[in-house]
Structures are given as C-alpha cells and as structure tokens.
Amino acid sequence: MNGVRVVSDPEACRDVWERLWPQQCVFDLWPVRACFARHFDRPSFFITGEAAEFRRPFLLALSWIEEEGYFGHFPGETWQGKTWIEQNKIIGWESFPVESVINAVDGKIKIRYLDADFLPSWNSPPRVDETGYLFYPPAHDFSFERYRQCFPGKSRKKLDQEMARIEALGVSFHHDDPADIGPMMEMNLSAFGPMSYFYDPRFFAAFVDMIDFFQKRGMLRITSVKIGGRLAAVDVGAVWNNTYTVMAGGTDPEFTGVAKLINFHHIKWACEKRLASVDFLCGDFSWKSRFRLTERPLYQLCLPDTADEPS
C-alpha cells in the first residue's frame with residue numbers, strides 16, 4: 001500500500017496515537033486505553049498514513065480479537081464478545097484508502113461505538129450501534145431546580161415522593177473513598193453475575209488500573225450513598241475536559257430507588273460545578289429515558305461492508 005503503513009509495536013502505536021488522536025473525551029487518553037491493552041493483550045494493528053499524497057493523516061487503530069475472529073477497535077477489550085469503550089474514531093477518514101486497507105487486513109473489521117463526528121461518509125447509510133445518554137448543565141443554566149421543571153408535574157411529584165421515602169430512612173453521601181471500590185464491584189457482580197463487566201478477570205484488572213490512573217491524575221470521582229448507615233450504592237467515574245463520565249456502579253437491591261437518588265446527585269453536582277456535560281454512557285436502563293437526558297447515537301462499521309452487526 002503506497003504511503004500506508006501498519007504499526008504493531010506498542011511504543012510505536014503509542015507514538016502515532018498521541019500525535020494523531022484528538023483529545024476530546026476520557027477514552028481518547030492513551031493511558032486509559034493502555035490499561036485494557038495490557039490485560040487483554042491483543043495484537044495491535046494500527047493502519048496509518050501521513051504522506052503528502054493523503055489529504056490529511058489518517059489512523060485506524062485496531063486489535064485482533066482472536067476468539068471472535070475479527071479486528072475490533074483498539075484495545076479490543078471485550079465484554080460478552082463485544083468491545084466496551086465508547087466514542088471510537090476513524091481519524092482522517094477523508095484520506096482513508098478503504099480498498100487498500102481491506103486488502104491488507106486478513107479478516108473482518110468490526111468497529112463499535114463510533115463517534116458520529118468521525119463516522120466516514122462512505123459508510124452510508126450509517127448503522128446505529130447503541131445510544132448514549134448525556135446531561136448538559138448549561139442547557140439548564142446550571143440550575144438543578146430548572147432541570148427538575150423539565151419533568152411533567154405528575155412525574156415530578158412521583159419522583160419527589162420516591163426520593164422522600166428513601167431520604168426518610170436516613171441518607172448520607174460521601175465521596176472519593178477508595179475503600180468503596182471493592183463493594184461497588186461486589187454489588188455489580190451480585191446484580192449481574194456473568195453479565196457483569198467485572199466477571200471477566202481481564203476487565204476487572206484493567207478497570208482497577210484505570211481507577212488508579214484517574215486517582216493519580218486527580219480525575220477520579222467516587223460517589224457513595226449510605227442509607228441508615230449501610231452502604232447502598234457506589235458509582236465510579238472520571239472528570240476530565242469539563243466532562244464527568246460515570247463509568248460503573250453497584251447498588252444494594254434492598255434499597256429500591258437508590259439508583260435514581262445517586263443519579264440525581266450526579267446531575268445536581270454537575271450543575272454546582274458548572275460542568276459542560278455528564279456522560280452516562282450507553283446501556284439500556286429505564287431511568288435514563290425517564291431523566292430527560294440527551295440521546296447520542298453511536299455507530300458501527302463493518303469492513304468489508306455486510307449486514308452483520310459487530311458481535
């Protein structure tokens with residue numbers, strides 16, 4: 001392929017990533033991706049071109065997922081056979097030599113969670129993968145009360161009654177206690193079993209490393225709720241580039257409604273801190289649609305183009 005090269009050495013991959021990849025969200029940070037690359041240990045396959053013959057430098061960052069038989073987006077951190085990290089990108093797709101890349105790759109390419117701003121126009125019509133959910137404090141003038149007014153009167157009254165019932169049991173919040181990470185994972189595993197991200201020891205170890213990175217960089221936010229003195233819910237996320245990304249959590253099933261309580265807390269805190277957004281990520285949880293969040297579709301791409309969805 002004229003002017004196109006394949007990079008597999010880890011340090012060389014890091015170099016091209018840090019030179020070409022835009023730094024917009026927490027998942028764009030190389031150290032975050034590296035946590036999962038280290039524990040899943042997939043062969044990297046970065047296809048890139050920076051020669052003058054291209055309209056702009058391009059990068060397709062792939063990992064070979066052997067057990068599934070396809071190239072997925074780097075670092076190939078699979079959960080239930082699907083990659084987990086969101087807002088993946090194809091950099092410089094305008095210059096992307098599609099046929100040359102297909103010929104160079106010995107296998108299918110299946111990319112999930114593609115950011116709409118980095119979705120190739122030649123992937124037409126685009127196929128929606130999943131929908132992410134975000135809250136934008138500026139849209140409500142950084143006012144939690146103004147946000148609450150978005151709910152219809154009956155819905156707001158019902159939610160207020162539900163929150164009052166929980167608060168009557170004695171609610172307290174505390175933050176950034178690393179001792180709550182273990183209980184969070186235990187509650188998540190108890191609720192979801194084999195469907196939990198943390199059921200896979202590779203994902204478990206990578207997530208712990210990512211938390212450690214966030215903590216060292218001052219990005220980590222742990223939110224914990226006690227009800228009647230008992231730990232009832234824990235959420236873990238990161239604050240970077242004026243965005244709070246809520247990544248995982250666990251709740252005690254005995255306390256019905258505690259998930260709504262902690263998520264209202266996230267939204268209220270984001271308004272107080274005047275953040276640009278809160279990213280609740282994808283995931284089909286009923287509270288997301290009820291909370292009047294903004295939907296953001298993420299897309300999938302298969303090469304060669306087929307009707308198959310990434311699996």
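User: Which residues form one aromatic cluster?
Analyst: The model is predicted: local features need pLDDT of at least 70 and side-chain atom pairs pLDDT 80 or more, whereas totals for chains, interfaces and linings use all residues. Residues are numbered from 1 along each chain as its sequence is written, and side-chain values use heavy atoms, leaving out hydrogens and water. Rings of Phe, Tyr and Trp (its six-membered ring) pair if their centres lie within 6.5 Å, with planes under 30 degrees apart counted as stacked, over 60 as edge-to-face and the rest as tilted. One cluster comprises Phe27, Phe36, Trp79, Trp84, Tyr197, Phe198, Phe203, Phe204 and Phe207.

User: How many residues apart are Phe46 and Phe74?
Analyst: Among the 33 aromatic pairs, Phe46 and Phe74 are edge-to-face, at 5.1 Å centre to centre and 80° between the planes. Helices (H or I, at least four residues) and strands (E, at least two) are DSSP runs numbered from the N terminus. Phe46 belongs to strand β2 (residues 44-49) and Phe74 to the loop between β4 (70-73) and β5 (78-79), a separation of 28 residues.

User: Is Phe46 buried or exposed?
Analyst: Buried means under 20% relative accessible area, exposed over 50% and partly exposed in between (1.4 Å probe, protein chains only). The relative accessibility of Phe46 is 0%, so Phe46 counts as buried.

User: How far apart in sequence are the parts tied together by Trp84 and Phe203?
Analyst: The ring centres of Trp84 and Phe203 lie 5.1 Å apart with planes at 85°, so this pair is edge-to-face. Trp84 sits in the loop between β6 (82-83) and α3 (98-104) and Phe203 in helix α7, so the parts tied together are separated by 119 residues.

User: With which residues is Met210 in contact, leaving aside neighbours within four places in sequence?
Analyst: Contact means heavy atoms within 4.5 Å. Apart from those neighbours, the contacts of Met210 are Val32, Cys35, Phe36, Trp84 and Met247.
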